Amino acid sequence: MRVTNTRWYPKYHVAAPAAWINDPNSFVFYKGQYHLFAQHHPHSAQWGPMHWHHVVSDDLVHWKHLPIALAPTEDYERNGCFSGSGIEKDGRLYLFYTGHIDTPETEELGFRNVQNQCMAYSDDGINFTKYENNPIILVPEDEDSDVYGADFRDPKVWKHGDTYYMVVGAHTKDKLRGQIVLYESKDLYDWNFKSIMARGEGNQGFMWECPNLASVEGKDVLILSPQGIKRVGNKFMNVFQSGYFIGRLDYSSGIFKHGEFELLDYGFDFYAPQITQIPDGRTIMIGWLDMWYSPMKEDVDGWAGMMTVPREVHIKNGKVVTPPIKELEALRISEKSLENLLFYDEMKFDGIEGEVGELVMNIDLTETPAFEIDLRVGGEEKSVITYDDAIHLFKFNRDKAGEGGDGEREVKLPPYDKMKLQIFLDRSSVEIFINDGEYVMSSRIYPRSDSTGIKFIPVGGAFKIDSMTFYTLGEGIPQPRV
Ligand code: FRU
């Protein structure tokens, strides 16, 4: 596979050098470097038998490609090495993943033991050996555990005290409720079933994919990607959702008590996030900046799929907030700043525009009743942000963004006097961080390369911007040669 056109290939987000990627897998710090893997089909720009792509970085910002880490070579994973996680122990990097066997063979096997948890390890962080006793965990067979055998995947491992824990995504045998299965181990090789850690109820979906558990600021946060949550008003509009529960895992009973399900991102394209805890104590999250079944227009150019920028995970006022990591400042190569702007008509500003960049704005909402910001403007194209302070409704519309998807996503904000917007633009993506990650909207767009304008439009009064900077951003991922 080769990339044949870089018009939409990211300048600084992680993507495969060519071909397809989906979920981030095993985001882990190992021997002084950050490793990130991803679901990958190296032979086409469509999903297919899953491999693990592998990138590495010294700073979480500049990434290098490494050889494919896992390929489906063994019988127990013959249709794919599905998502999972990684952990370091005694200098060895362990990867945990799901060995997948397809239907119709699934049906022949009576829907049993077709998704099982497997392990591979490496002592150099590049070459991986599949564990000889794979699979290490089979679908729990007993009636009490009530686990449907054909969907039992995405192991995430962490250490608590002197014990290792693993969560696996699953659903009940009637396929109506998502659930998380918890295992424990002393050595990462032998695992014991502990509990059904959490199970969905009401409108929480029929299957829970990609669970991650993190201890954040004194609480436990379960991050998960439920399938089947029904749209409520203009919330949960994507085909699948990614969100979290804040709660407390009782490590002796294995039961997780938690509050409401909340979204991590309100844009069109955010799924299957992976978290890692890095040596300075921060929890960092990366998601897939795409959504299942969305048009990925880049596939005609020989690639498909990209990752979000890394985000920190914090808890503020009982909610998870995910600001972009400070390290991204290393991408800034030039800047243009303006201060104390007050205007009543549509404006463009010299130097505040670009295809690949970061726009940071501090808006005074006490003087600004409503506004529109058009990004990636050129010809008929624009990607449109609107905000109405009377109803606190923030929207992103991509009807005219270029080729590909259309529609609108929105989020209702609490009342704010000041709004900080930090917007990351890459060739085919927009990530909008509102007030340091209190709300985030991530979306793919497919504009022309020369659609680089930015317009600021007051609606029904003044537009007051205390300060604003546009940074041009440099390269964070090797650019394919076309
Ligand atoms: C989530 C997911 C995972 C699975 C992987 C397969 O996007 O469906 O549950 O392991 O993708 O590529």
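1. The strands S5, S6, S7 and S8 form an open sheet in the order S5-S6-S7-S8, with antiparallel pairing; strands are DSSP runs (E, at least two residues) numbered from the N terminus, and two strands pair if DSSP finds at least two bridges between them. Strand S5 (81-89) and strand S8 (129-130) are at the edges with a single partner strand each, so one side of each has no neighbour in the sheet.

2. Within this sheet, strand S6 (residues 92-100) and strand S7 (residues 115-122) run antiparallel and are joined by eight bridges. Gly 99 stands opposite Asn 116 in S7.

3. The model is predicted: local features need pLDDT of at least 70, side-chain atom pairs count only at pLDDT 80 or more, and totals for chains, interfaces and linings use all residues. Residues are numbered from 1 along each chain as its sequence is written, and side-chain values use heavy atoms, with hydrogens and water left out.

4. The ligand has 13 residues around it, of which Asp 23, Gln 39, Arg 153, Asp 154 and Glu 209 come nearest; a residue is counted if one of its heavy atoms lies within 4 Å of the molecule. An N or O atom in the side chain of Asp 154 is 2.5 Å from a ligand oxygen atom. For Gln 39, a polar side-chain atom lies 2.7 Å from an oxygen atom of the ligand, and for Glu 209 the corresponding value is 2.8 Å.

5. There are four cavities of 30 Å³ or more in the structure. A cavity is a set of points, on a 1 Å grid over the protein atoms alone, where a 1.4 Å probe fits but cannot get out, and lining residues have an atom within 4 Å of a point. A volume is the space filled by probe spheres set on the points.

6. The largest cavity holds about 120 Å³ of space. It is lined by 14 residues, and Asn 238, Leu 263, Asp 265, Tyr 266 and Gly 267 are the closest to its centre. By class, this lining has five nonpolar, five polar and four charged residues, where Asp, Glu, Lys and Arg count as charged and Gly as polar.

7. The second largest cavity holds about 80 Å³. Its lining residues include Tyr 244, Lys 319, Glu 438 and Tyr 439. Strand S23 (319-321) and strand S32 (439-444) are the elements that give two or more residues to this lining. Domain 1 (19-322) and domain 2 (328-473) each supply at least three residues; the bounds come from an automatic or database domain assignment.

Key. On a 1 Å grid over the protein atoms alone, a cavity is a set of points where a 1.4 Å probe fits but cannot get out, and a pocket is an open set with protein on both sides within 12 Å along at least five of seven lines; lining residues have an atom within 4 Å of a point. Helices (H or I, at least four residues) and strands (E, at least two) are DSSP runs, numbered from the N terminus. A polar contact is a pair of N or O atoms within 3.5 Å; within protein, one must be able to donate a hydrogen and the other to accept it, and residues adjacent in sequence count only if both atoms are side-chain atoms.
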